[in-house]
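Welcome to the tour! Open your viewer, get ready to select residues, and follow along one stop at a time.

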Amino acid sequence: MSDPDTTGPGPGPGPDAGAGSGRLDRDDAPPPARCAPVLAAAFVREPAMAWIAGGSDRVRQAWFGATLATHATLPGARRHLLTDRDGRPVAAAVLTPPAAVPSGAARAAWAARTLVACGPRALVRTLRYLQAAEARTPAGAWTLEFIGVEPGAAGRGTGGRLLGHLLATTPAPGGIFLTTADEANVRLYRRFGFTVLRRLTVGPLEVTAMWRPDARAEAL
């Protein structure tokens with residue numbers, strides 16, 4: 001459920017790789033608790049998140065807290081964070097290694113926490129989305145779960161910097177996979193070398209599954 005655009009639905013100003021955004025510091029191993037608030041703010045209008053959270057800020061924030069805490073239990077899971085010169089987090093990305101899934105205990109804990117903090121609707125809708133998306137993940141591919149820019153930092157090329165960095169540094173011989181529920185973002189991801197694999201319907205959502213080959217392999 002990734003989306004590089006804040007001005008429309010989702011995280012970031014769009015991948016404006018050439019735009020200047022001032023000095024940004026990068027943390028390639030931030031704790032999930034630092035990434036969750038950035039993504040919760042970035043995804044305020046993203047269609048899939050709006051469907052899951054029902055437009056509730058409280059539910060969306062709790063959902064990201066629970067989901068990123070569980071994701072951090074995966075061996076090899078990656079998180080990237082950009083902060084401004086005052087140390088304020090402005091952009092975050094989360095990636096899952098190929099074939100990595102939480103343990104049964106971790107999944108049960110996530111479900112219980114999500115049910116209590118977000119309610120049964122959010123839990124059921126998340127499971128519906130995951131079931132549809134995970135079935136389309138190419139063998140051997142990393143999954144870009146989330147990428148987002150805090151709305152106050154939008155329009156400065158921050159999303160493009162972060163996306164370009166993770167594409168260049170993620171060891172992904174099987175490529176990188178993502179899904180987006182915003183048709184406008186398909187064009188943006190194409191600019192970074194992603195191609196459309198298929199389109200699927202999840203509830204009221206029209207979701208596009210995309211894939212990009214290993215950036216470093218292309219350079220050889």
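What percentage of the 220 residues of the chain count as buried? The answer is 52%. Keep in mind as you look around that this is a predicted model.

**The whole chain**

Start with the cartoon view. The chain holds eight helices and seven strands. Take the contacts in the chain with a separation of 6 or more: 75% of them involve residues 24 or more positions apart.

Next, select residues 32-42, which form helix H1, and then residues 57-71, which form helix H3. Two packed helices are described by the angle and the distance between their axes. Here, the axes of H1 and H3 come within 9 Å and cross at roughly 145°. The crossing is right-handed.

Which residues meet where H1 and H3 touch? Show the side chains of Pro32, Cys35, Ala36, Leu39 and Ala40 on the H1 side. Facing them from H3 are Arg60, Gln61, Phe64, Gly65, Leu68 and Ala69. Sorted by class, this contact has eight nonpolar, two polar and one charged residues.

**Ala42**

Stay with helix H1 and pick Ala42, which is found there. Is Ala42 buried or exposed? Ala42 counts as buried because its relative accessibility is 1%.

**Gly54**

Move on to Gly54, in the loop between helix H2 (47-53) and helix H3. With a relative accessibility of 44%, Gly54 counts as partly exposed. What does Gly54 touch, leaving aside its neighbours within four places in sequence? Select Met49 and Arg121 to see its contacts. Then pick Cys118, which lies 64 residues from Gly54 in sequence and 10.0 Å from it in space, C-alpha to C-alpha.

**Thr179**

For the last stop, select residues 176-180, which make up strand S5, and find Thr179 among them. Thr179 has a relative accessibility of 4%, so this residue counts as buried. Which side chain makes a polar contact with the side chain of Thr179? Show Tyr129: its side chain is the partner, at 2.8 Å.

Key
Residues are numbered from 1 along each chain as its sequence is written. This is a predicted model: local features need pLDDT of at least 70, side-chain atom pairs count only at pLDDT 80 or more; totals for chains, interfaces and linings use all residues. Side-chain values use heavy atoms; hydrogens and water are left out. Helices (H or I, at least four residues) and strands (E, at least two) are DSSP runs, numbered from the N terminus. Buried means under 20% relative accessible area, exposed over 50%, partly exposed in between (1.4 Å probe, protein chains only). Contact means heavy atoms within 4.5 Å. A polar contact is a pair of N or O atoms within 3.5 Å; within protein, one must be able to donate a hydrogen and the other to accept it, and residues adjacent in sequence count only if both atoms are side-chain atoms. Axes are lines fitted to C-alpha atoms, for helices over the stretch in contact, and angles run from 0 to 180 degrees between N-to-C directions. A crossing is left-handed if the near helix is turned anticlockwise from the far one by less than a right angle, and right-handed if clockwise. Ala, Val, Leu, Ile, Met, Phe, Trp, Tyr, Cys and Pro count as nonpolar, Asp, Glu, Lys and Arg as charged, and the others, Gly among them, as polar.
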